[in-house]
Amino acid sequence: MAASTIRLRVAVIGSGIAGLAAARVLREKHDVTVYERGEPSVATGGQGIANFPNSTHILESIGFDYRCAGSVELGGWHSVDKNGTAVFSSDYDMRERYGAPLVSHMRVDFRTELLRLATAPAEDLGLDASAVPAITVWNNGAVDLDPEGGKVTLDDGSIVEADVIIVADGIHSRLRNKILEEPVNAQKTGMTCCRVAVSAAQVEAALGKLPQWWQDQRDRGKGVIQLIEALDGTSRLTVTYPLRNLSWMNMAWVFPTQQEKKATTESWNADGDKEEILKIYDDFDEDLKTMLRVADQVKLWELQDLEPLPTWTSGRAILIGDAAHAMTPLQGQGSNMAIEDADGLRLLTQPGVTRDSVPEILQKISSVRRPRATRVLENTRISTKISSAADRYARFDDNCTYTGIFAILQQQQVTTA
Ligand SMILES: Cc1cc2nc3c(=O)[nH]c(=O)nc-3n(C[C@H](O)[C@H](O)[C@H](O)COP(=O)(O)OP(=O)(O)OC[C@H]3O[C@@H](n4cnc5c(N)ncnc54)[C@H](O)[C@@H]3O)c2cc1C
């Protein structure tokens, strides 16, 4: 008879993408509590996020409902120069090629759907009754961690004991350096990203109609990632993709940092100055600039990443998400890595798991996830230097073809047999 899994007490620190996806996976077998330092609406932001086939096959396996998130299926991408002249175009059926789609959604809609999957009653999600909803604790973040003892100290001074501690507190993780022997902090990359999302109604009011490239996507009911590159050695580019059933457009304006500011380093939600950005993109397409002019919110973020960490685990604690492997959005893989991490935690839901076996299982998860995240970080770092479409697609292919922790472990077994 197969050994059963005992119910473990799991503390998840952070209710971002990584924390909520982890809570959804682990609630299947364990008692999960998510501790968040902010309000329930924290970390939502109005802008977009794209999920590639390497994470959508996992999202589908946990019941992610694209309709709830207003997700848009994307066919591939088009590259154009700053005047709108086509440079490269790829459009294929991602499901046929990778077994899962490429989709985009508003960040707030994406996170809301993950929160539902983590906390809705089991019967609403078609789960076994034993998959009790994760409990959420808001406005009470973690200030300290004892990984060996399985203890987390919260803002209000209380101490929580857990068998497993999932540290998912983002790029500026407060707990990361309790797991590492030497402190490691995020570093700037010299690039800044300005993010806006504009509605079709706002753009139609300003331009009289939608730009043809947006209208084309609406007409066929399928989106595309559009890269508008300066291609003049100035490293300026704009990325657009549709959101909310193609009724919104996400725009990311990426350029070399002009002036370092504290606010744009510490938060994704620092306000940007439209006039400053418009000046940087003075020679870009007029319609595109009008879309920036009419946007309600302009958010600036100095792009940062993390050097690969020497370890992700200590005792009963494991780092996941940006706390473990923050990378810039230049390959759009940050949240995808967080979803892959959550899939890795499935090793904790297997028969025979005990309280004593937790540290060893966390190390096994890390042994698969750490090299994978490092490779995607390398693909992302190199993407600023990529000059040929063929190279760009080779990196894309490598990112998209992750099959999940069980498949990787099986491959490793075959190789060593
Ligand atoms: C401009 C930009 C565009 C991006 N575009 C994409 C994209 O298209 N596709 C993609 O895959 N990725 C993208 N990313 C990356 C992606 O957003 C991140 O990788 C992802 O949000 C990481 O999720 P996370 O849960 O690890 O961290 P976060 O989403 O940052 O969540 C961390 C959570 O922890 C909470 N927290 C922090 N400290 C504590 C504490 N001490 N105690 C309790 N709670 C705490 C925070 O309040 C927050 O809720 C983009 C990033 C940027 C900056």
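**Close-up 1. Pairing of β8 with β9 in the predicted model**. Strand β9, residues 151-154, pairs with β8 in the antiparallel sense, and four bridges join the two strands. Leu154 of β9 is the bridge partner of Ala142.

**Close-up 2. The open sheet β8-β9-β10**. Three strands make up this open sheet, in the order β8-β9-β10, and their pairing is antiparallel. The edge strands, each pairing on one side only, are β8 (142-146) and β10 (159-161). From one strand to the next, the twist averages 25°.

**Close-up 3. Packing of helix α1 against helix α12**. Helix α1 spans residues 17-26 and helix α12 spans residues 334-344. Their axes are 8 Å apart and meet at an angle of about 25°. Because angles under 35 degrees count as roughly parallel, α1 is described as roughly parallel to α12. The crossing of the two helices is right-handed. On the α1 side, the contact is made by Ile17, Ala18, Ala21, Ala22 and Val25. On the α12 side, Ser335, Ala338, Ile339, Asp341, Ala342 and Asp343 take part. By class, the residues of this contact are eight nonpolar, one polar and two charged.

**Close-up 4. Contact between domain 1 and domain 2**. At their contact, 15 residues of domain 1 touch 23 residues of domain 2. The side contributed by domain 1 has eight nonpolar and seven polar residues, with no charged residues.

Conventions:
Residues are numbered from 1 along each chain as its sequence is written. This is a predicted model: local features need pLDDT of at least 70, side-chain atom pairs count only at pLDDT 80 or more; totals for chains, interfaces and linings use all residues. Two strands pair if DSSP finds at least two bridges between them. Axes are lines fitted to C-alpha atoms, for helices over the stretch in contact, and angles run from 0 to 180 degrees between N-to-C directions. Two residues are in contact if their C-beta atoms, placed from the backbone, lie within 7 Å. Ala, Val, Leu, Ile, Met, Phe, Trp, Tyr, Cys and Pro count as nonpolar, Asp, Glu, Lys and Arg as charged, and the others, Gly among them, as polar. Angles under 35 degrees count as roughly parallel, over 145 as roughly antiparallel, 65 to 115 as roughly perpendicular and the rest as oblique. A crossing is left-handed if the near helix is turned anticlockwise from the far one by less than a right angle, and right-handed if clockwise.
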